[in-house]
Amino acid sequence: MKRARVGALLLVVALAMTACQGKPGDRAEGGEVRIGVGGQPLLVYLPTTLARQLGYYEAEGLKVELEDLQGGSKALQAMQGGSVDVVSGYYDHTIQMQAKRKEVKSFVTMLRYPSIVLAVSPRASRPINSITDLAGATVGVTAPGSSTDFFLKYLLGKHGLDPNAANVQGIGGDAGAVAAMEQGRVDAAVMIDPAVSVLQTRVGVDKVKILTDTRTAEGVQEDFGVPAYPAAVLYSSGEWLANNGDTARKLANAIVKTLRWIEQHSPDEIAARMPAEYAQGNRDVYVQAIGRAKESFSRDGIMPAEGAEAVHKVLSQFDKEIAGAPMDLSRTYSNDYLPQ
């Protein structure tokens, strides 16, 4: 009898441990979720941090941990490696992964313009007056394989050059990018605010030549031939979403509430809610950069089908793997997690 009771007790403990472990990806359904951000101080990812600052994640019953990573490719790698559950990154990567037969899906859209700027360093080692002059030059991106890298390759190909004609160097997206440009460690860089505005303030607006600018609808139309081009999103693996649908809905709801808050408040009010260090010592410049960025944010979190098609078309122009892969774009995003 005694042995039977001990055996039964051990069986109960084993079953309890198994239940606690759950299926892969179930951890976040309990309210905890890790989000990898491809450069947290960058304004393109502002809603991800602002939602935390406003208490919107907590209001949804979530305990969110934000992990700042160098660029979108690093954030994607972190998700694939299991150190984060969700990525705050560019939609590009969901298409890139489907071409590799891996299901990665965005579930709330934060940015309708890429807000990426290609600028020339004031200390460039050679004269650079156009994109074709970048052949053989050293060009900074947040990280190789990131969306800033994709953007550079697309522009080089669009202007008749090999997509790999420039020498790519990872410089991050905030203070590191500013320093690399200011010191002439790169000839040009694909930059994102507030880094662009900070650089212009430090060296003078007239000293920073802008080759192309997608912070506006006009710039997006000029570079991509479309009025809107979805960029920053929250995405995760198909497996995580299948196991954590309720958490995904709560995250999407928090982000949509944040997008509406951004629309209803001034740049100064938005800056006041963000971590002070994101201003890089110049709050006025930070506020001005937010003012320029406000128009680029989505109003409702929806991924438009035509926007997804535009991104696929652009990526196909320089990525042979994407161009040759069978593609079902409906599996790269979902609007089903958005508040109804």
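# Reading the labels in a predicted model

Q: Why is Arg 101 called exposed?
A: Arg 101 has a relative accessible area of 79%. Exposed means over 50%. The value passes that cut-off, so Arg 101 is exposed. The model is predicted.

Q: What makes the phi of Arg 101 worth a remark?
A: Most residues other than glycine have a negative phi. Arg 101 is not a glycine, yet its phi is positive, about 65 degrees. The residue sits in the loop between helix H5 (92-99) and strand E4 (104-109).

Q: Which value does phi take at Ser 115, and is Ser 115 buried or exposed?
A: Phi of Ser 115 is near 60 degrees, again positive in a residue other than glycine. Its relative accessible area is 8%. Buried means under 20%, so Ser 115 counts as buried. Its place is the loop between E4 and strand E5 (116-120).

Q: What makes the peptide bond from Asp 193 to Pro 194 cis?
A: Its omega is near 10 degrees, and the bond is cis. Most peptide bonds are trans. Pro 194 lies in the loop between strand E8 (188-192) and helix H8 (195-203).

Q: Why is helix H2 (residues 46-53) described as largely enclosed?
A: Of its 8 residues, 6 are buried, so the rest of the structure largely encloses H2. The buried residues are Leu 46, Pro 47, Thr 48, Thr 49, Leu 50 and Ala 51. After H2 comes Gly 55, with a positive phi near 80 degrees.

Q: How do you know that Gln 40 is buried?
A: Its relative accessibility is 7%. The cut-off for buried is under 20%, so Gln 40 qualifies. Gln 40 belongs to the loop between E1 and H2. Leaving out residues up to four places away in sequence, Gln 40 touches Thr 49, Arg 52, Leu 66, Glu 67, Asp 68 and Tyr 278.

Q: What makes the pair Gln 40 and Thr 49 a polar contact?
A: The two side chains make this contact at 3.1 Å. The limit for a pair of N or O atoms is 3.5 Å.

Q: Why does Gln 98 count as buried?
A: Gln 98 has 14% relative accessibility. That is under 20%, so the label is buried. Gln 98 lies in helix H5. Beyond its neighbours within four places in sequence, Gln 98 contacts Pro 326, Met 327, Asp 328, Leu 329, Arg 331 and Thr 332.

Q: Which residues meet where H6 faces H9?
A: H6 brings Phe 151, Tyr 154, Leu 155 and Lys 158; H9 brings Glu 222, Asp 223 and Phe 224. By class, this contact has 4 nonpolar, no polar and 3 charged residues.

Q: Why do E2 and E4 stand at the edges of their sheet?
A: The open sheet has 5 strands in the order E2-E1-E3-E10-E4, with mixed pairing. Strand E2 (63-68) and E4 each have a single partner strand, so one side of each has no neighbour in the sheet. The twist averages 30 degrees from one strand to the next.

Q: What makes E4 mostly covered?
A: Of the 6 residues in E4, 6 are buried.

Q: How do you know that E10 pairs with E3 and with E4?
A: Pairing needs at least two bridges. Strand E3 (residues 86-90) and strand E10 (residues 232-237) have 4, while E4 and E10 have 5. Both counts meet the test, so both are pairs. Each runs in the antiparallel sense. Ser 88 has Leu 234 as its bridge partner in E10, and Lys 105 stands opposite Ser 236.

Q: What makes E7 and E9 edge strands?
A: A further open sheet of 5 strands has the order E7-E6-E8-E5-E9 and mixed pairing. Strand E7 (167-170) and strand E9 (209-213) each have a single partner strand, so one side of each lacks a neighbour in the sheet. Its twist averages 25 degrees from one strand to the next.

Notes. Residues numbered from 1 in each chain as written. Predicted model: local features only at pLDDT ≥ 70, side-chain atom pairs only at ≥ 80, totals over all residues. Heavy atoms only, no water. Contact = heavy atoms within 4.5 Å. Helix = DSSP H or I, 4+ residues; strand = E, 2+ residues; numbered from the N terminus. Nonpolar A, V, L, I, M, F, W, Y, C, P; charged D, E, K, R; others polar. Buried < 20%, exposed > 50% of the residue type's maximum accessible area, 1.4 Å probe, protein only. Axes fitted to C-alpha atoms, helices over the stretch in contact; angles between N-to-C directions. Polar contact = N/O pair within 3.5 Å; in protein donor to acceptor, adjacent residues only side chain to side chain.
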